[in-house]
Amino acid sequence: MLTTHPLDDDKLREECGIFGACNAEDAAAMTALGLHALQHRGQEAAGITSFNGSEFQTHRAMGHVAGNFDSEDTMGPLAGNFAVGHVRYSTSGETSLRNVQPLFADLVSGGFAVAHNGNISNAEKLKKELVRRGSIFQSTSDTEVIIHLVATSGYRTLIDRLIDALKQVEGAYSLLCLTSEGMIACRDPLGVRPLVIGKLGDSYIFASETVALDVVGADYVRSVEPGEIVIVRDNELHSHKPFTPQKARPCIFEHVYFSRPDSIVDGNSVYSVRKAIGAELAKEIPVDADYVIPVPDSGTPAALGYAEEAKIPFELGIIRSHYVGRTFIQPGDGVRHLGVKLKHNANRVLVEGKKIILVDDSIVRGTTSLKIVQMMREAGAAEVHMRIASPPTSHSCFYGVDTPERSKLLASRMDLEEMREFIQADSLAFISIDGLYRALGYHKRETNTPQYCDACFTGNYPTTLTDQDEMAQPDQLILLNEKVG
């Protein structure tokens, strides 16, 4: 049976990454390179749409960018100087090629391809209204709702139609729209999901993270501002801000886990922020130990910061195999637990007889932490202390992150001591919400108007959740059938 690796199934996942190249030679090939750099943001499927001045071409496939976008048979037809690309995860809904992006439609204004990172939190309500008016949907993706809103808008120009559509949606989105006249990039008024602008010679580049600009050799220019619509037409960049200004609420988890550590997010080095989180964690909850050990790879920068602040040696007590993919063959229940060691194994000589501090980025269901603690005990560790570089994840995300139902989040149903007992650690501690904000350069979290979207920790959602409100059951939140970003 093909199954998700047990240590991959206990992480929050950013659902998508997007990339676009304007006025670039071999734009599709450049887009494929950019998507390689964003592969961590979505490993289930990938797609690229190109425009050569007269026609659009699209190739979409299940799986990674590598293997799907590295042959002449695939890349040859994707000729042109404009291209947009997308990598995705799905959620609990349907996994099929029809939901792989970019999505494309022929509108009255011409071809229109959309790559979307985020989640429209009133998509189901809008879809029902559109279907009643005669729209026929070809996917279960919330992204298609945007296309239908554009297609049915009563405004004359495409940009006005898009603005009209976006004023009807709730939630979080970063969009790249490829048209016959150029490319449109836009970000929701709260700036929840990231989107940056780069420049390579005369070419404009858009990406979910700056690391994708680095890979193609582009210089970082700036972020697309919250609520901004950027149009690249005739090799010129035009900015529009049609929405009522709001206090920005970018996703705080980009700094904790989602973004690559070599990216710059909101002007901050992700690597430096994660080290600062570790240092704050060491100040808040110190413990005597022989070694600080990261849970690879996402816990490494925070563990370095913790070790430096606590003046405790940093060591690689867990060795990760980089040759195990997201899935592997599970031979049967009798040896199911052995699958853990395919990806992580204890450095027994180092940890045996030692008091160790394990540093990880988060606890979601708690199953990974339990397995890691057990692994350390089996390797002979005298004490195992767990430190988490984020506050307890107690609420589901509805803005483009693949989150379990709230009832499955360990922190939503257990207090700290119960969680410690569950993962079988000698001690367990999380960074405080104010400590997390201090690591980001703030004195503390502003109670009434937080500087970030931190709803997964606090339950303070920055927008209305129309679909969730309509679907809510007593004491339980139910995820949308399909969140695609």
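Guide: The model shown here is predicted. In it, the axes of α8 and α9 come within 6 Å and cross at roughly 45°. That angle makes α8 oblique to α9. As a general idea, two packed helices are described by the angle between their axes and the distance between the axes.

Visitor: Which hand does the crossing of α8 and α9 have?

Guide: The crossing of α8 and α9 is right-handed.

Visitor: Which residues in α8 meet which residues in α9?

Guide: On the α8 side, the residues are Tyr271, Arg274, Lys275, Gly278, Ala279, Leu281, Ala282 and Lys283. They meet Pro301, Ala302, Leu304, Gly305, Tyr306, Glu308, Glu309 and Ala310 in α9.

Visitor: How should I read a nonpolar core, and how many residues has the largest one?

Guide: In soluble globular proteins, nonpolar side chains tend to be buried together. Here the largest nonpolar core has 42 residues. Those with the most contacts inside this core are Phe253, Ile277, Val292, Tyr306, Ile357 and Tyr399. At least two core residues each come from α7 (253-258), α8 (270-284), α9 (300-310), β22 (355-360), α15 (433-439) and α16 (455-458). A second, separate core has 30 residues, including Ala165, Ile184, Ile229 and Phe243.

Visitor: What does Ile277 touch, leaving aside residues up to four places away in sequence?

Guide: On that count, Ile277 touches Val256, Ala389, Ile431, Leu436 and Ala439.

Visitor: Let us turn to sheets. In what order do the six strands of the open sheet lie?

Guide: The order is β7-β8-β9-β10-β14-β15, and the pairing is antiparallel. β7 (103-107) and β15 (236-240) stand at the edges with a single partner strand each, so one side of each has no neighbour in the sheet. Neighbouring strands of this sheet are turned by 20° against each other on average, with direction ignored.

Visitor: How many bridges join β14 to β15?

Guide: Five bridges join β14 (residues 229-233) to β15, and the two run antiparallel. Within this pair, Ile229 stands opposite His240 in β15. Ile229 is also one of the residues of the second core.

Visitor: Which strands does helix α4 lie across?

Guide: Helix α4 (residues 143-152) lies across β7, β8 (110-120) and β9 (171-179). Its direction is at about 10° to β7.

Visitor: What of phi: where is Asn23, and what is its value?

Guide: Asn23 has a positive phi of about 55° although it is not a glycine. Asn23 is placed in the loop between β3 (16-22) and α1 (27-37). Asp26, too, has a positive phi, near 55°, and is a residue other than glycine. Asp26 is placed in the loop between β3 and α1.

Visitor: Is Asp26 buried or exposed?

Guide: Asp26 is exposed, because its relative accessible area is 53% and the exposed class begins over 50%. Asn23 is partly exposed, with a relative accessible area of 26%.

Methods: Residues are numbered from 1 along each chain as its sequence is written. This is a predicted model: local features need pLDDT of at least 70, side-chain atom pairs count only at pLDDT 80 or more; totals for chains, interfaces and linings use all residues. Side-chain values use heavy atoms; hydrogens and water are left out. A nonpolar core is a set of buried Ala, Val, Leu, Ile, Met, Phe, Trp, Tyr and Cys residues joined through side-chain atoms within 4.5 Å. Buried means under 20% relative accessible area, exposed over 50%, partly exposed in between (1.4 Å probe, protein chains only). Helices (H or I, at least four residues) and strands (E, at least two) are DSSP runs, numbered from the N terminus. Contact means heavy atoms within 4.5 Å. Two strands pair if DSSP finds at least two bridges between them. Axes are lines fitted to C-alpha atoms, for helices over the stretch in contact, and angles run from 0 to 180 degrees between N-to-C directions. Angles under 35 degrees count as roughly parallel, over 145 as roughly antiparallel, 65 to 115 as roughly perpendicular and the rest as oblique. A crossing is left-handed if the near helix is turned anticlockwise from the far one by less than a right angle, and right-handed if clockwise.
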